[in-house]
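Subject: Handing over the three-chain model

Dear colleague,

I am passing this structure on to you, and below it you will find my notes on what was found. Please read them with the structure open beside you.

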Amino acid sequence: MDTNNMHPVMKWVEYRLPVFSFLDHSLGTQYPTPKNLNYWWNFGSLAGLVLVIMIASGIVLAMHYTAHVDYAFDSVERIMRDVNYGWLIRYIHMNGGSMFFIVVYIHMFRGLYFGSYQAPRELLWMIGVFILLAMMATAFMGYVLPWGQMSFWGATVITNLFSAIPLVGDSIVTLLWGGFSVDNPTLNRFFSLHYLMPFVIVGLVVVHIWALHVHGSNNPTGIDVKSEQDTIGFHPYFTTKDLFGMGLFMMFFMFFVFYAPNFFGEPDNYIPANPLVTPAHIVPEWYFLPYYAILRAFTGDFLVYQVISLGGLLMDAKLAGVLAMFASILLLLFMPWLDGAKVRSCSFRPIMAMAFWIFVLDCLVLGYIGGKPAEGNFITIGQWATFYYFAHLLVIVPLVSRLERPRQLPDSINASVLKAAE
Amino acid sequence: MSETATPEQGAEIDDQSKRDFLFISTAAVGAVGTAIAAWPFIDQMNPAADTLALSTTEVSLEPIEEGQSITVVWRGKPVFIRHRTAEEIADAVAVQANDLIDPQTDADRVQKPEWLIMVGVCTHLGCIPLGNKAGESRGDFGGWFCPCHGSHYDTSGRIRKGPAPKNLPVPEYSFLSDLKVKIG
Amino acid sequence: MKMNMMKTSAAALAFVATVMVSGTSFAAGDTPRAPAQNWSFNKLFGSFEPAAAQRGFQVYKEVCSGCHSMSLLSYRHLSQLGFSEDEVKAIAASVEVTAGPNDEGEMFERPGIPADRFKAPFANVQAAAAANNGKAPPDLSLMTKARVGGADYVYGLLVGYEEAPSGVEVPEGGNYNKYFPGHVIAMGPPLSDESVEYTDGTKPTLSQHAKDVTTFMAWAAEPEMEARKRMGVKVLLFLLVLTGMLYAVKRKVWENLH
């Protein structure tokens, strides 16, 4: 940045704290960005936008919320009925959670398709997986706060997952609860942690972006930047493109807030928590459904369970289900090494591209099954889909990536852009 | 740069100004939108509907004997209601308003002379003055006395001595009937 | 590249669509879904019909409130339904609420004021359950939001009492209802023709009572709905304009690249 043309005040600040050149180098003209990024690259900035909206609306909600089992439900309803614009802010926060996961899942699938996790962006990808984990913890605890029936039973079921841990499981669960069931101490600590976690996410995002800026964005061709011709400044090109994307996204988001605010929710959560009555169908929020399906797939007769537990010797099905559920996410950390291809983008790996789409479909099937009662065919389909999920990550990706011969890559990013323009 | 622009340069400048107009107007619309969106996030801190609903209090004056006071809670603050004696009224009226720290006649402060209604929060730093209950110190002027920093109020609730700058404030109130008053 | 993009977009749409489908709940067991009614408030820009909601409040007050609380509502909220300030005061004053403690430490009864919550028929859940064969009647404040099917379900339930089909055993104290999950409901048919005498000349039929009280309950569950829909139009139109301008800006910026 040319400091000579600056306004004197900016110059004064810049000399002491170089914020302007910092901004210029991080999202300004001095941050070279591949010129061929498509709209799938908008989802990173969208995730950042949702994070800001969630923190802003969350801080405001905390001004009116009461974290006590006797008052939590009523305090949320007071926000909905009596606080100025309370309904708006709460619906923004409530739907914002779903928006966050929609955006982040698309962002992740984009990374998987275009091989963004490959060297030298392994850490960037892994930090992203940790962001997902932090988001899941935040979302889970946030869902408990309104203290409706789904809040209570969701908290009960999820905390009980830890009871699967051998020997210390029950002690851990008691520790998490701060009592002998999900109760007031649990609600209080969940509120405290729900307020803390977003700032942990902010920290992770800073590191994520830091790692991104070391080697810059991957791009649809997956080939490295070779010359200045391949890149353009982030500003004004991608700032304007991101802003346009944000406009589209906000319309999508606001449609739900104003016209279908309870679309992603469950009616049962408008019934105050009752520790003595479990709702007929307890389901987690939609973004947890695939993991929930994996958890439930592990029954005593599930072949995968029989194999990994050596016929039931090593662990019971409950523990296997819990481990599998955590593994389904933690395995993503190893994507950079599971995928052994020299070429990043699936645009040049037709077999891998096909495998990718089947994997996407499999995740959707898992999500569908997770929302269905565990009975009949749903169990069988869920088990096959679970099997395929792990087969994709542990067998198909390692094999296909090493065996498939990729298509001819373009000479450079610039060349691919010119060719596409023809 | 030459002074006279060729037609080509003119078109370029024209295009440039069109671009600038688009950029600036978009930024302006975006800024206005953001500002409007910020309002709900600020306004939520204002009193909510249930708080506002309790912003009036109806009080029956029937049980208050002459020479007695009661304290009622209005908007989370104490309101003193004193049934003044004829002597107290006479004292309050006799004072020359111009000589006071916060000049006000007694007539400015009451609707019916026998009923003095005011917010019982010292105008200095917000303590509750003594004098509303029998046996409490009523200060040098027979009204109220704030023990925190020694402000003395007279039988009309006017500041007479001490650090407080203003008389005890009179809330908005109206008599619904002879012995029923609505505060707020 | 172009093909890929198309494929990707299609898949993304499918993703969102599936998520939406799987996000919605499923009907319980073999209970049929209550048929959809033509509610004015369920339309995209719809609103509550004030006359219907006022009649619905009358039905609640004269029939439902004998057993069901509506504890999230205050009398002052009724002014949203078009009741005047004096009417609201009169409605509130018609109940005795427990207040206190007074200076002697005793609780006492006083007439209600608009700021009071709707008076509950029972002191607590246990009392409610004890008076109703062991099952406490649920609070109705959020009923249309708290049940799958919303207003349609509530209406269906109110008009859905019928003779149990042959072969179906209804236990002692139970009633057969077409739309209640599992069909056996503890509540007897709460409404019938002429349960309530309307003052505005509306014909007091069972379906009219059910429609009115459902409208009232829908308002009680989402009192913000009209304001929400009105604001939504403005917000979305604004975003449409802003997004259009941002698109023009993006086009302008990118055009000199090629």
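**A buried arginine in chain A**

A:Arg81 counts as buried because its relative accessibility is 12%, where buried means under 20% relative accessible area, exposed over 50% and partly exposed in between, computed with a 1.4 Å probe on protein chains only. Please bear in mind that this is a predicted model, in which local features need pLDDT of at least 70 and side-chain atom pairs count only at pLDDT 80 or more, while totals for chains, interfaces and linings use all residues. Residues are numbered from 1 along each chain as its sequence is written, chains are lettered from A and ligands numbered from 1 in the order in which they are written, and side-chain values use heavy atoms, with hydrogens and water left out.

A:Arg81 lies in helix 4 of chain A; helices (H or I, at least four residues) and strands (E, at least two) are DSSP runs, numbered from the N terminus. Setting aside neighbours within four places in sequence, A:Arg81 is in contact with C:Leu72, C:Leu73, C:His77, C:Ser141, C:Leu142, C:Ala220, C:Ala221 and C:Pro223, contact meaning heavy atoms within 4.5 Å.

**Other helices of chain A**

Helix 9 of chain A, residues 184-215, has 32 residues and reaches 47 Å from its first C-alpha to its last, which is close to the 46 Å expected at 1.5 Å a residue; the expected span is 1.5 Å times one less than the number of residues. Its buried residues are A:Asn184, A:Thr186, A:Leu187, A:Phe190, A:His194, A:Met197, A:Pro198, A:Ile201 and A:His208, and they pack against helix 3 (43-62), helix 4 (72-81), helix 5 (86-113), helix 6 (122-144), helix 7 (149-160) and helix 8 (169-177) of chain A. Just after helix 9 of chain A, A:Gly216 takes a positive phi of about 75°.

The axes of helix 6 and helix 7 of chain A come within 7 Å and cross at roughly 135°, axes being lines fitted to C-alpha atoms, for helices over the stretch in contact, with angles running from 0 to 180 degrees between N-to-C directions. Helix 6 of chain A is therefore oblique to helix 7 of chain A, given that angles under 35 degrees count as roughly parallel, over 145 as roughly antiparallel, 65 to 115 as roughly perpendicular and the rest as oblique. The contact is made by A:Phe140, A:Tyr143 and A:Val144 of helix 6 of chain A, together with A:Met150, A:Ser151, A:Gly154, A:Ala155 and A:Ile158 of helix 7 of chain A.

In contrast to A:Arg81, which is buried, A:Val307 counts as exposed because its relative accessibility is 55%. A:Val307 belongs to helix 12 of chain A, residues 303-308.

**Strands of chain B**

In chain B, an open sheet of three strands has the order 2-3-4 with antiparallel pairing, two strands being paired if DSSP finds at least two bridges between them. Its edge strands, each pairing on one side only, are strand 2 (69-74) and strand 4 (115-119) of chain B, and the twist averages 20° from one strand to the next. Five bridges join strand 3 of chain B, residues 77-83, to strand 4 of chain B, and within this pairing B:Arg82 has B:Leu116 as its bridge partner.

Strand 8 (residues 173-177) and strand 9 (residues 180-183) of chain B also pair in the antiparallel sense, over four bridges. A hairpin of two residues joins strand 8 of chain B to strand 9 of chain B, and B:Ser177 stands opposite B:Lys180.

**Chain C**

Chain C has eight helices and four strands, and buried residues make up 41% of its 258 residues. Strand 1 of chain C pairs with strand 2 of chain C, residues 108-111, in the antiparallel sense over four bridges, and the bridge partner of C:Glu96 is C:Pro111.

Helix 6 of chain C, residues 150-159, has nine of its 10 residues buried, so it is largely enclosed by the rest of the structure. These buried residues pack against helix 5 (143-146), strand 4 (184-185) and helix 7 (206-221) of chain C.

With best wishes
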